[in-house]
Amino acid sequence: MMSFATSQASNSTVRQSLDLAPDGDLVFVVGSEQRRLRVHSQQVRNASPAFNTMFQPKFKEGQALLQEGSAEVELPEDNADALEIILQVIHGYSDQVPTTLEPSRLLEVARACEKYDMARPLAFAIKVWLDCKVIRSSKELWAITMAACLFRHQQVFAEATSALAFNFGGSYLDLAREFEAANVIEFSVLLEIAVMLEETRNRLRMDLITYILTKDWSVPSLSRKTKMWPGLIAEFSQQAARLETSSIFLVLKRMQEDLFESVNGNAERLVIACRWNTTFRAIAENFRKGQEITGKLCILCLLKEEHREHE
Ligand SMILES: [Zn+2]
């Protein structure tokens with residue numbers, strides 16, 4: 001049974017200690033709040049190659065375990081909530097592990113998971129946490145991207161980066177900078193993600209413009225004057241200009257509305273407006289469908305690691 005103890009001295013409700021293993025031989029003292037987490041050293045060693053190394057006899061933590069039968073290890077730079085969640089998982093408290101994590105907390109868990117190399121024993125929990133469908137802002141989407149990168153979860157990383165490429169119109173660099181201080185991932189990696197996203201979004205914008213411009217817009221039966229309808233040219237250039245500053249998603253959304261409706265009662269123009277609306281909508285639809293395969297980044301490319309060619 002897991003037992004909790006709350007510090008009497010402080011009037012905060014933050015838990016100060018937690019016995020994940022009441023007879024455990026190891027106590028982690030975590031974070032600035034010095035939360036004490038009692039665990040079994042063998043459980044921790046099985047789950048983490050990094051901890052396994054730390055508790056070898058040649059290191060002082062390993063010596064303490066060997067000679068005194070127990071050890072206390074301070075981890076002041078780690079996040080206590082994150083480590084507590086991870087230790088809950090590896091000690092088998094599946095019923096107490098939260099099934100949803102705020103993106104900021106998920107990111108802390110991902111950081112600790114990467115630091116102590118525990119993606120494997122956490123794989124099942126990671127799958128549940130990453131299956132989070134409620135993302136309220138681009139900042140949260142960026143946090144999910146970083147967490148997926150730390151967990152080395154390619155599928156979620158691909159989906160999150162594609163969503164950022166399509167749905168975000170602002171500066172990726174600014175987004176990256178918001179996480180610089182948190183120091184969760186090396187800033188050079190954040191910059192690399194920002195640059196890759198910028199390139200991806202530019203390519204998608206160019207693809208969309210090319211798609212629109214190379215379309216055959218002529219309607220053979222109509223008079224020359226109607227074919228040259230300036231409203232169409234204006235609308236094209238407006239969409240192209242919007243692409244520079246707004247998200248691709250918003251431009252596609254606009255394209256799916258009835259763009260050419262103000263045609264002043266001219267029957268010939270009504271016909272062409274209707275056709276062009278249909279064509280514009282079809283282009284947007286096709287482009288949106290393409291989102292399933294385009295705009296996704298690859299973790300291994302990002303980290304410049306050897307891997308097979310992409311399909
Ligand atoms: Zn790759």
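**Loops and helix contacts**

Mentor: With 15 C-beta neighbours inside 10 Å, Asp117 counts as partly exposed. The class sits between buried (20 or more other C-beta atoms within 10 Å of a residue's own) and exposed (12 or fewer), with C-beta atoms placed from the backbone. This is a predicted model, where local features need pLDDT of at least 70, side-chain atom pairs count only at pLDDT 80 or more, and totals for chains, interfaces and linings use all residues. Residues are numbered from 1 along each chain as its sequence is written.

Trainee: Where does Asp117 lie?

Mentor: In the loop between helix 5 and helix 6 (119–130). Helices here are DSSP runs of H or I, at least four residues, numbered from the N terminus.

Trainee: What about the phi of Asp117?

Mentor: Asp117 has a positive phi of about 55°, yet it is not a glycine. Most residues other than glycine have a negative phi.

Trainee: And Asn183, buried or exposed?

Mentor: Asn183 is exposed, as 10 other C-beta atoms lie within 10 Å. Asn183 is not a glycine either, and has a positive phi of about 55°. Look for Asn183 in the loop between helix 9 (172–177) and helix 10.

Trainee: Switching to helices. At what angle do helix 5 and helix 7 cross?

Mentor: Roughly 20°, and the axes of helix 5 (residues 103–115) and helix 7 (residues 138–151) come within 9 Å. Axes are lines fitted to C-alpha atoms over the stretch in contact, with angles from 0 to 180 degrees between N-to-C directions. That makes the two helices roughly parallel, a label for angles under 35 degrees.

Trainee: Which residues of helix 5 and helix 7 make the contact?

Mentor: Leu106, Leu107 and Ala110 of helix 5 are among them, as are Ala143, Ile144 and Ala147 of helix 7. Contact means C-beta atoms, placed from the backbone, within 7 Å. The residues divide into eleven nonpolar, one polar and three charged. Nonpolar covers Ala, Val, Leu, Ile, Met, Phe, Trp, Tyr, Cys and Pro; charged covers Asp, Glu, Lys and Arg; the others, Gly among them, are polar.

Trainee: How do helix 4 and helix 5 cross?

Mentor: At roughly 70°, with the axes of helix 4 (residues 80–90) and helix 5 within 8 Å. Helix 4 and helix 5 are therefore roughly perpendicular, the label for 65 to 115 degrees.

Trainee: Last one: which residues of helix 10 are buried?

Mentor: Leu190, Ile193, Leu197, Thr200, Arg201, Leu204, Leu208 and Ile212.

Definitions and conventions
Parallel < 35°, antiparallel > 145°, perpendicular 65-115°, else oblique. Contact = placed C-beta atoms within 7 Å.
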